[in-house]
Amino acid sequence: MKRLVLSVGSALLIIASGLLANNSTRAVLADPQTSVSFGKAITFNSEVLFPTSLAAGDLNGDGFPDLAVVSEDDDQGLAYGFGSGNGRFGLWRDYADIETVPFFVLLADADGDGNLDALTTDIGCCDDIGMAFGDGKGGFHGSQFLTVGGGNDGTATVAVADLNGDGIPDIVGTSLGAGGQLGSVFVLLGKGHRKFAKAFGFSSDGQQPHGIAVGDLNHDGIPDLAVANADSGGVTVFLGKGDGTFGKPTHYRVGAGTWTLVLGDFNGDGNLDMAVGAFSNRIYVLLGNGDGTFGPSRGYAGGSGVVAAADFNGDGKLDLATARGGVSVLLGNGDGTFQKPVDFDVHGAPGDLIVADFNHDGKPDIATISAPSTAAVLLNTTPFPTSSHP
């Protein structure tokens, strides 16, 4: 099975290939394994004005992905709705005891109790992250704020992974002020029982770091980091030492406005590769060498800084999805290259997108958010090969 690490500043997720979707009931080609199709977008109110980030996860244990949405506008906090298993969401709730103006949200088990928690950042002012503890029944019980640096320039994105091999979740993320330096990465090592060691930060080797991904880039069994630096237009790789610290940075220039990134094996050689979304209307792909280094980048048209990866058409090859006016899918050729983007309408210009199986049919779907207050779900209607569904 191909390995995929989904991380738009998200938790470490290693998944078998087969995961995403879209809209407008149309296919690229007649052959099911070289085409992709999605049903008409299901649109609904996102419950917040000018949403900036969304996350998916099963908050109430019913087996269906739920949605969490945040906005840095008007102190709206966290809104979350429960999935019905058909791409629709009902019974929306608000949780106010979180970041004042949350910019990014992640659903992950950060305290190790088996329930998903909500982690939020505040890119506007405060150099901390908020954490609301999930009760596994669709609610949050208690919260705390973790300071990540000495500045007040704000935090951008976070990921959850065991960075030091002690079996306890740790938190890593990007900040403009962590460690007192402009352009930094911060680490909070978990101590168990919802306690974390004092944060330490180090330079991201670039300006305005945003997206972060975690994965084993050199096959040593230790998590490594890849960070997208928006202003300096590049990606920095840090190899893990196994104790929660990281080695010297290696910088890769890939183009202006790099915002998010995802790790996955795009050419089937067993090594993690990298796809980077940039505001220059490009997606950059760098193939991993398996020793923690990457080859030169190759650019593809499409994107507005957001990128995700999954096998959308069931052919065993990872594909890419990006937001550029609507949603675009770039089918993978299996050798690390990708086809031209195919566009699908979501009745808005998405600012973020995520991947999950929202209707429980084994195919990856997409959810998006758009201004002023729109969310959309695109259910995958691609005819997968019969062997993919035993």
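Trainee: So a pocket is an open set of grid points with protein on both sides within 12 Å along at least five of seven lines, and its lining residues have an atom within 4 Å of a point; which residues lie nearest the centre of the second largest pocket?

Mentor: Keep in mind that this is a predicted model. The second largest pocket has 15 lining residues, and T52, H210, W259, G351 and D352 are the ones nearest its centre. The space in this pocket comes to about 200 Å³.

Trainee: And which elements give two or more residues to that lining?

Mentor: Those elements are β22, residues 258-264, and β30, residues 350-356. The largest share of the lining, three residues, is supplied by β30. Sorted by class, the lining of this pocket holds seven nonpolar residues, seven polar ones and one charged residue.

Trainee: What is phi of L91, then?

Mentor: Phi of L91 is near 50 degrees, which is again a positive value in a residue other than glycine. L91 sits in strand β7, residues 89-95, and at 58% relative accessibility L91 counts as exposed.

Trainee: Changing topic, what is the strand order in the open sheet that includes β27?

Mentor: The order is β26-β27-β28-β29, and the pairing is antiparallel. The edges are taken by β26 and β29 (342-344), each with a single partner strand, so one side of each has no neighbour in the sheet. Neighbouring strands are turned by 25 degrees against each other on average, direction ignored.

Trainee: How many bridges does β27 form with β26?

Mentor: There are four bridges between β26 and β27, and A308 stands opposite A321 in β27. On to the next pair, β27 and β28 (residues 326-330) are joined over five bridges, with A323 opposite V327. These two strands form a hairpin with one residue between them, and G325 in the turn has a positive phi of about 90 degrees. Further along, three bridges join β28 to β29, where S328 has D343 as its bridge partner.

Trainee: Is β27 mostly covered or mostly open?

Mentor: Strand β27 is mostly covered, because five of its six residues are buried, where buried means under 20% relative accessible area.

Trainee: And where is D311 found?

Mentor: D311 is found in the loop between β26 (307-310) and β27 (319-324), and D311 is buried, with a relative accessible area of 3%. A polar atom of the D311 side chain lies 3.0 Å from the backbone nitrogen of G314, and the D311 side chain also reaches the backbone nitrogen of G316 at 2.8 Å.

Trainee: One more sheet, please: which strands stand at the edges of the one running from β18 to β21?

Mentor: That open sheet has the order β18-β19-β20-β21 with antiparallel pairing. Its edges are β18 (209-215) and β21 (250-253), and each has a single partner strand, so one side of each is left without a neighbour in the sheet. The twist averages 20 degrees from one strand to the next. Inside the sheet, β19 (residues 224-229) and β20 (residues 234-238) pair over five bridges, and the bridge partner of A226 is V237.

Definitions and conventions. Residues numbered from 1 in each chain as written. Predicted model: local features only at pLDDT ≥ 70, side-chain atom pairs only at ≥ 80, totals over all residues. Heavy atoms only, no water. Pairing = 2+ DSSP bridges. Axes fitted to C-alpha atoms, helices over the stretch in contact; angles between N-to-C directions. 1 Å grid on protein atoms, 1.4 Å probe; cavity = no way out; pocket = protein on both sides within 12 Å on 5 of 7 lines; lining within 4 Å. Points joined across faces, edges and corners; volume = space filled by probe spheres on them. Nonpolar A, V, L, I, M, F, W, Y, C, P; charged D, E, K, R; others polar. Buried < 20%, exposed > 50% of the residue type's maximum accessible area, 1.4 Å probe, protein only. Polar contact = N/O pair within 3.5 Å; in protein donor to acceptor, adjacent residues only side chain to side chain.
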